[in-house]
Amino acid sequence: MTRRADRMHVGVFFNHTGHHIASWRHPRAQADAAISIEHYVQITQTAERAGLDFIFFADSAAVREARAESLSRSAQYTAYFEPTTLLSALAMVTKHIGLVATATTSYNEPYNIARRYASLDWISKVRAGWNVVTSGNAAEAWNFGREQHFDHADRYRRAHEFIDVVKGLWDSWDDDAFIRDKQSGQFFDYDKLHRLDHKGTYFNVRGPLNVPRPPQGYPVIFQAGTSEDGRELAAATAEGVFTSELTLEGQREHHDDVKRRMARYGRRPEEMLILPGLTAIIGHNEAEARDKHAYLQSLIDPIVGRDFLGMLLGDFDLSGYDIDGPLPDAAMASATSKGTAANIFRAARQDGLSIRQLWEKLAGSRGKLTLVGSTIQVADTMQQWFEAHACDGFILQPSYLPGELDEFADQLIPELQNRGLIRVGYEGTTLRENMGLARPPSRYRAV
């Protein structure tokens, strides 16, 4: 599979105190990070100083389900800022870095999402991105008047239509619709305003949107589904894809499969960047890195570890199973995120891992790739995956914040820059330009 560029793109996924499930207990983590704007300003400016493409916040419209004894011991997805509100604030203290956040198609309306992200694109001066999810947290249904979560296939069908409606609303105004001529008294050209009048299976939306067309045309669209339905949605709509493959072979298969599917939607492979999640515990040498990792692992409460693994498997209750025994087959059948669950089961079966060993393996990355080694060793693996055309870059997942991000900025990113693998500084003024993505034309553009 050919690739557009010979340099990788790197973003960073901020998970409040960090991605490791015991991150909030680390001495170099900020325990109240989820509600500290000062914390977010600090880490976002660090990421911009390092020249990363974007920062990313995930989201859920519910406190995650877990037994009280584990929920009360964890900082993961409990109480934190709504991300687009947070990104609007961070736009005021940064100039270049992209600002990306999750919003679900299952528990929002297209008009609200179109308005929110168009506003963010204007506020940030062309740096917004939307990560499309269909919600893997079944508890969200109870906050929106539903007794149960949408069926897996149905929520993806709904997502296809949702995205199309959002794009149509973003095209409500031509780019040059607003004249604002004080002399003539004409504020905008009425002929350049378009009403969508969408009537579909899931949505009826008249429009137009009451925000001008986003300056990027559309904010950059990201997606992270790894199931069959998720890959198809990505091929049809996504410009950035987050993956969770744990091996080079698995990542290369995922990369090639999704990019091959793009042709059926009239899209070219270079219109999408595929970015696997990566947690990297780095040190000046491998022994130092392994000591750091061992310390992090020592902070895991077994109750939290068990329920964390259950969460990755769709809130499956593992409390009745021997934690030193195998993962039960029943957990796969109940999983809401089929792709993530399949990766976990594959790793468990291939390596003969117990429940405890699984949560220890996944504790630092929420099911994504974890590397432990010297800065050189980690950079070597990143280069290997990139040069094997298994990915277009990575999204870094610091295990604890702010401490580990500082190490990335001061050690890992300069090493990749010295190898010529990533750029030094920003090449453009928009997120699209910095990711090498074209600005999409309006559907109403004269042919």
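This note sets out points on the overall build of a predicted model and on selected residues within it.

1. Overall architecture. The chain comprises 15 helices and 13 strands. Its radius of gyration is 22 Å, close to the 22 Å that the globule rule gives for 447 residues, so the chain is as compact as a globular protein of that length. Along the principal axes, the C-alpha atoms occupy a box of roughly 75 × 50 × 45 Å.

2. Buried residues make up 59% of the 447 in the chain. Among contacts with a separation of 6 or more, 77% link residues 24 or more positions apart. The accessible surface amounts to about 18,100 Å², and carbon and sulfur atoms contribute 50% of that area. As to charge, the chain carries 50 positive and 58 negative charges, whose mean positions are 3 Å apart.

3. Arg213, a buried arginine in a loop. R213 sits in the loop between β8 (204-205) and β9 (220-223). Its relative accessible area is 3%, under the 20% limit, so R213 counts as buried. A polar atom of the R213 side chain lies 3.0 Å from the backbone oxygen of P440, and the side chain also reaches the backbone oxygen of P441 at 3.4 Å. Leaving aside residues up to four places away in sequence, the contacts of R213 include W122, W170 and W173, the acidic residues D171 and D175, and the run R439, P440, P441 and S442.

4. Arg268, a partly exposed arginine. R268 is placed in the loop between α7 (248-261) and β11 (273-283). Its relative accessibility of 47% makes R268 partly exposed. The side chain of R268 forms a polar contact of 2.9 Å with the side chain of E270. R268 and A235 are 33 residues apart in sequence, and their C-alpha atoms are 9.8 Å apart in space.

5. Helix α9. Nine of the 11 residues of α9 (residues 302-312) are buried, so this helix is largely enclosed by the rest of the structure. The buried set includes the charged residues R306 and D307, as well as V304, F308, L309, M311 and L312. At the start of α9, a side-chain oxygen of D301 comes to within 2.9 Å of the backbone nitrogen of I303. Just after the helix, G314 adopts a positive phi of about 85°.

6. Cis peptide bonds. The bond from G207 to P208 is cis, with omega near 0°. P208 belongs to the loop between β8 and β9, the loop that also holds R213. A cis peptide bond also joins L401 and P402, with omega about 10°. P402 is located in the loop between β13 (393-396) and α14 (403-418).

7. Which phi value does K125 take? Phi of K125 is near 60°, a positive value in a residue other than glycine. V126 likewise has a positive phi, of about 65°, although it is not a glycine. K125 lies in the loop between α4 (110-123) and β4 (128-133), and V126 is placed in the loop between α4 and β4 as well. The two residues contrast in accessibility: K125 is exposed, with a relative accessible area of 64%, whereas V126 counts as buried at 14%.

Definitions and conventions. Residues are numbered from 1 along each chain as its sequence is written. This is a predicted model: local features need pLDDT of at least 70, side-chain atom pairs count only at pLDDT 80 or more; totals for chains, interfaces and linings use all residues. Side-chain values use heavy atoms; hydrogens and water are left out. Helices (H or I, at least four residues) and strands (E, at least two) are DSSP runs, numbered from the N terminus. The radius of gyration is taken over C-alpha atoms; the globule rule is 2.2 Å times the number of residues to the power 0.38. Buried means under 20% relative accessible area, exposed over 50%, partly exposed in between (1.4 Å probe, protein chains only). Contact means heavy atoms within 4.5 Å. Accessible areas come from the Shrake-Rupley method with a 1.4 Å probe; for residues, only the protein chains shown count as cover. Lys and Arg count as positive and Asp and Glu as negative; His and the chain ends are not counted. The place of a charge is taken as NZ of Lys, CZ of Arg, CG of Asp or CD of Glu. A polar contact is a pair of N or O atoms within 3.5 Å; within protein, one must be able to donate a hydrogen and the other to accept it, and residues adjacent in sequence count only if both atoms are side-chain atoms.
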